[in-house]
Amino acid sequence: MRNILVASVLLIASATSVFAASSEADFKAAYAAAEAANREAGSLRNQWTVTAAALNAAKKAAETGDFDKAVAASNEAEALAKASIFQVKSEKTLWKDLEIR
Amino acid sequence: MKLRSAIYPLASAALTAALLVFGTVPPTVAADTVDPVADAKAFKKFFTDKFPKLKLEDFVNGPYSMNEDLYRQWEEKEQFPPYEFSLEMGKEMFAKPFQNGKSYADCFPNKGIGIRQNYPYFDEKEGKVVTLELALNRCREANGEPPFSYVKDEMAALTAYMAFTSRGKPFDIKIPNDPRALEAYQSGKEYFYTRRGQLNFSCATCHVQSPGERIRAEVLAPALGILNAMPIYRSEWSGMGTTSRRFTTCNSQIRGVPLSPQDDEYRNVEYYLSYVSNGLPISGPGARP
């Protein structure tokens, strides 16, 4: 019985840590990472409009205090920015596949 | 055995069909030398092979050359062209002197008349491509006037008038014997074929791989001769748009953040696209759905 109680407490503790609300600090870290990736895409002349939209959504959510949403939007923006960086790097050679010759 | 004998003809038919379909896609062998003359020849061959019934000079009519119904609509539209207001405005603006008494005619060869087919050109002093839009704003600034927006209204009107005075004259873009000019040309070519934006489209995705096909309600124009009709009145825009407008909106339509009009990339891609359309007549200003 005691073991079951200990296990339940541990389970609840781990579950709540997974679903714990994001803090402002979490948002700031996620947003900074997304912004940095988007800046890099900008320096490569290949930003995507959807990245900017996700960054805006993150900022707006943070302004209303919804840090879960703000972190999720920041993570999405970072993933999009990284995809745009991957695209520009891979196209350095792939563009030739489309060339008329 | 029966099954195997049935599979072979099917597989062979599928392979033949695949070859027929993919045979129209440019081969993927990479070339490392820059050869604009060979590029232009291959470019024209690709499109004339793809549309064997079309006369070379008709490619400048964009989607109207690809679709019979659209062509008939265009013929009717040309009787009262939607760009006429802009043409009139451009003519007046072009003739009106600046505050210092000079005019656009003082900035261009042949007083700016019948010269559209020579733009863009490579300026060896600057080491960069100069487009007609850029030259017009430089002319204004050199004469103490503020520059116009590159995308529509006044700039579209001025370029419409200048294009009109060149109608029928073949594009005559030169690449001088200067490695920087060749580099600009090559950069423009690379930009044209490079996929960008979240939709992962290049200019070539629509205008090389799919001309004549529909993208939503629109019929895609072939890349050959695509700039000969600029600037254009687009029903979609409810107004006129310049080459700059066309490039920037193409970028945003594929969910890419557009660069600033007249950034090097756009100047270079205009240089490339105009060069490979050398010999095709200027038809601007144009109208598009």
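Author: Two strands pair if DSSP finds at least two bridges between them. The model discussed here is predicted.

Reader: What makes strand 5 and strand 7 of chain B a pair?

Author: Three bridges join strand 5 (residues 232-234) of chain B to strand 7 of chain B. The cut-off is at least two, so the two strands count as paired. They run parallel. One of the bridges links B:Ile232 to B:Gly286 in strand 7 of chain B.

Reader: Why are strand 6 and strand 7 of chain B said to stand at the edges?

Author: The open sheet has three strands in the order 6-5-7 (chain B), and its pairing is mixed. Strand 6 (239-241) and strand 7 (286-288) of chain B each have a single partner strand, so one side of each lacks a neighbour in the sheet. From one strand to the next, the twist averages 35 degrees.

Reader: Why is helix 4 of chain B called roughly perpendicular to helix 6 of chain B?

Author: Helix 4 (residues 84-95) and helix 6 (residues 153-164) of chain B pack at an angle of about 90 degrees, and their axes are 7 Å apart. Angles of 65 to 115 degrees count as roughly perpendicular, so helix 4 of chain B is roughly perpendicular to helix 6 of chain B. Among the residues making the contact are B:Leu87, B:Met93 and B:Phe94 of helix 4 and B:Ala157, B:Tyr161 and B:Phe164 of helix 6 of chain B.

Reader: How do the residues of that contact between helix 4 and helix 6 of chain B divide?

Author: They divide into ten nonpolar, two polar and two charged. Gly counts as polar, and B:Gly90 of helix 4 is one of the contact residues.

Reader: What makes helix 5 of chain B roughly perpendicular to helix 6 of chain B?

Author: Helix 5 (residues 132-142) of chain B packs against helix 6 of chain B at an angle of about 115 degrees, with the axes 10 Å apart. The range for roughly perpendicular is 65 to 115, and therefore helix 5 of chain B is described as roughly perpendicular to helix 6 of chain B. The crossing is right-handed.

Reader: Which residues meet where helix 5 and helix 6 of chain B touch?

Author: B:Leu132, B:Glu133 and B:Leu136 in helix 5 meet B:Met155, B:Leu158, B:Thr159 and B:Met162 in helix 6 of chain B. By class, the residues of this contact are five nonpolar, one polar and one charged.

Terms used: Residues are numbered from 1 along each chain as its sequence is written. Chains are lettered from A and ligands numbered from 1 in the order in which they are written. This is a predicted model: local features need pLDDT of at least 70, side-chain atom pairs count only at pLDDT 80 or more; totals for chains, interfaces and linings use all residues. Axes are lines fitted to C-alpha atoms, for helices over the stretch in contact, and angles run from 0 to 180 degrees between N-to-C directions. Helices (H or I, at least four residues) and strands (E, at least two) are DSSP runs, numbered from the N terminus. Angles under 35 degrees count as roughly parallel, over 145 as roughly antiparallel, 65 to 115 as roughly perpendicular and the rest as oblique. Two residues are in contact if their C-beta atoms, placed from the backbone, lie within 7 Å. A crossing is left-handed if the near helix is turned anticlockwise from the far one by less than a right angle, and right-handed if clockwise.
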